[in-house]
Amino acid sequence: MSDDRETNARPAKRARLDDSAAHTPSTAVTPQATPGSALNAPSQIETDYDREVRAGIAEYICPNNLGFTGVLKQRYTDFLVNEIGLNGQVLHLKSTQVEKKKKKDVRAEAPAESEEVKPEEKIEIREEYGANAAPAAPKEEKPVEAEPAAKAEETNDGEETFAIADAPKKEVKEELSEEDTKLLYSIFGEDTTKQIVALVQSIRNREEAKARTFKAVTSAPILDKETRTNAHKSLRRMFPNLLETSMESDQSIRIKANPPAERKSKGGRGDKANGDQGKHRGGQLAWEELGGEYLHFSLYKENKDTMEVVGFLGSKLNSGAKAFAFAGTKDRRACTVQRLCVKRQTAERIAGFNRSLFNAAVGDFEYRKNDLKLGDLMGNEFTITLRDCKFQNEEGMNAIQRQAFANDVVGKAIRDFSEKGFINYYGLQRFGSFAASTDQVGRKMLQDDLKGAVDDLLNYSEVALAAAEGTSNSNILVSQDDRNRAKALHLWRTEGKGPAALELLPRKFTAERNIIQHLSSRNSKSGRHDRKADWQGALMTIPRTLRLMYVHAYQSLVWNVVAGKRWATHGDKVVAGDLVLVNEHLDKTGNASSTANTAIDQDGEFIINPSGTENANAVAEDFERARALTNTEAESGQYTVYDVVLPQPGFDVEYPKNSIGEFYKEFMGSERGGGLDPHNMRRSWREVSLSGGYRKFLAKPLRPLEFEVHSYTKEDQQFVETDLDKIKKARGGAKEGERESGDVTMEEGEEEEKKIAVVVKLQLGSSQYATMALRELMKAGGVKAYKPEFMGGR
């Protein structure tokens, strides 16, 4: 291929960086350069610029703008992410309380007074900040989990839980319908049923008592599995959230009280006391009255993965993470707000988990008739603080001049970005951070080099191994997990000791653990260790989502390289042969009979024929299609460059009908592309038989960007408020500056140099990477990811 791109490189237009990140056009490897080991095996100390080159990220929309550098995510509060719903509204956590409907409660002797209590006022979740209790109910030492006002009246004398349990204020007799009584008799017998009813009645009259206060009931052994299942379900239906059931070793069922935090006051008693037998919490009528059986709520989290919090909530419900649905995952090192939903759970119960959550909170509850699905969002709003910013050509300026210059540079970049957008590259997180990139593993899987894929997954760097063995002379810091990983993989490779390697290997490295376990295990049929070469079997032990990530990373690499070629060749012009989505432009073709019914992945991207069926044209209307523009259409002005899509390689996509389509064959057929054919992407192993997809070539923000430039001297000075900060301030909790820590008191006469911080607020679509948007704003090497401990030793 031609070397025009390399000879026409624009080194003078890129920001001048510090020595560790500086690159010149003569030494930088462009994505189109002849591939070699530098592209496939990253160096031990690799800058983000090097990684961008390796991932095919090379071009800019506005290369002439001055660049600048800044530290990203020095604090996780420097990266705020708020989901944007399909209605275009930015999601913010406004309250952790449950709004109580005013309703007469026969258990309360003074219902009018009881309604004034705010049960969730005591919820506080980030203990590391020393959050204060709300001013209401100052004597109460136990947070109340969404209990009704009557219960609050019972406990406002300030006594301990056991005192309340020993002296219930009002006895309530538990009554079952004749049908439920007969059902329990048929399962447990008369004596055990009476014990269960007595246990429930005791719990209802001593709602604050701890679970161990009540004597558990154990049934006779129930040998029939279906009967045991019916027993568990029946008790949950009749006494929701009051009882906990488990099967003993002799197949009997042990029935005990749930902890107070898990109980709900509306566990059927209030409705029954009113004579309303049809309004069990689990009944359809009750959910319809609330607004629907799906509870939608907002999740606020700090420095946590979405799945980490969802998994915790699932464990509290004994349902697992699968009970919760959400539109997309959010960054870990950030403060994020997103919408979740769960079926047939009350707001009171979910809100009660706030007391157990750490660095997270739930709130803004709403019952709805519909659930949430992946992709049910318009995008995300990012509020990003970039610290210690340095600007090209700022040498010799004083603090005032630097701030004015910063406003000019950032303002010009922001205006151009808002108008023209950026190349919609896949970000570096798509390609991993280990010695072998994820796209390299995926490429070998597509080449049917499964042994090579396994070897890459078990690869480690000599830097990490040297650090683990204490022989390193390098000043590079390597995390303990990465040291243990390197040591474990070295032990496996050199001595083949599977159990010993697994003992050293941290559990978070799922792929490596599963592979070693499989390769070192005995064959259940022969009893011999004959799986050491079962490469496909080893790869199949990796969770499916993780396996697919590798081949999708290869698709992303191809897409990135092609996108750079498309911009370098045609810029922002629409040319004949460019692809556009069919359903997006039906009004221009006059064919409005087809309807769009697209499947969307967790990044909000279209999935084409995700099942990988051999009948690629079956039910074509169910998947997004693309078509090539004619010369007349390209010149008509009806289509813009923002309508153009580029395909991810696969067996069920169209390729551009121009030189870019030919470039797919050229790049994928090269050594770096794996010697693959874009028109032959079916494989005997269905897991890697790629159907393909489409992605918009360029992206624009959903609205013009906003920015602020600050001068500061305190290293940890906070420039934005999180949603939780605002809630606490409104409740008289956190005060301004509470988060600041580590400030150094200056000696008299000493003056610290002022630094520049830039705060950028931008809204991006669901399939767009904020790091790639920042790259366009700041230019090559501008984003300096904060690394308290260098992880490059992987």
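Salt bridges first: a search of the whole structure turns up 35 of them. Keep in mind that this is a predicted model.

**Arg332 and Asp305: a link across the chain**
- Arg332 and Asp305 bring their side chains together in a salt bridge, with an N to O distance of 3.5 Å.
- This pair ties together distant parts of the chain, as the two residues sit 27 residues apart.
- Arg332 is in the loop between strand E7 (324–326) and strand E8 (335–343), while Asp305 belongs to the loop between strand E6 (294–302) and helix H12 (306–317).
- Arg332 has 40% relative accessibility, so it counts as partly exposed.
- Asp305 comes in at 33%, which also puts it in the partly exposed class.
- There's a network here too: salt bridges link Arg332 and Asp305 with Lys304 and Glu308.

**Lys451 and Asp455: a pair within helix H16**
- The side chains of Lys451 and Asp455 form a salt bridge at 2.9 Å, N to O.
- Both residues lie in helix H16 (residues 450–457), and because they are 4 residues apart, about one helical turn separates them.
- Lys451 is partly exposed, given its relative accessibility of 42%.
- Asp455 has a value of 28% and is partly exposed as well.

**Glu662 and Lys665: a pair within helix H25**
- Glu662 makes a salt bridge with Lys665, and their closest N and O atoms are 3.3 Å apart.
- Here the spacing is 3 residues within helix H25 (residues 659–668), so this pair is also separated by about one helical turn.
- With 47% relative accessibility, Glu662 falls in the partly exposed class.
- Lys665, at 37%, is partly exposed too.

**The chain as a whole**
- The protein chain has 27 helices and 21 strands.
- It runs to 794 residues, and 52% of them count as buried.
- Take the contacts with a separation of 6 or more: 78% of them come from residues 24 or more positions apart.
- As for surface, the chain exposes about 37,200 Å², with carbon and sulfur atoms supplying 48% of that area.

Terms used:
Residues numbered from 1 in each chain as written. Predicted model: local features only at pLDDT ≥ 70, side-chain atom pairs only at ≥ 80, totals over all residues. Heavy atoms only, no water. Salt bridge = Lys/Arg side-chain N within 4 Å of Asp/Glu carboxyl O. Buried < 20%, exposed > 50% of the residue type's maximum accessible area, 1.4 Å probe, protein only. Contact = heavy atoms within 4.5 Å. Areas by Shrake-Rupley, 256 points an atom, 1.4 Å probe, with all protein chains shown as cover.
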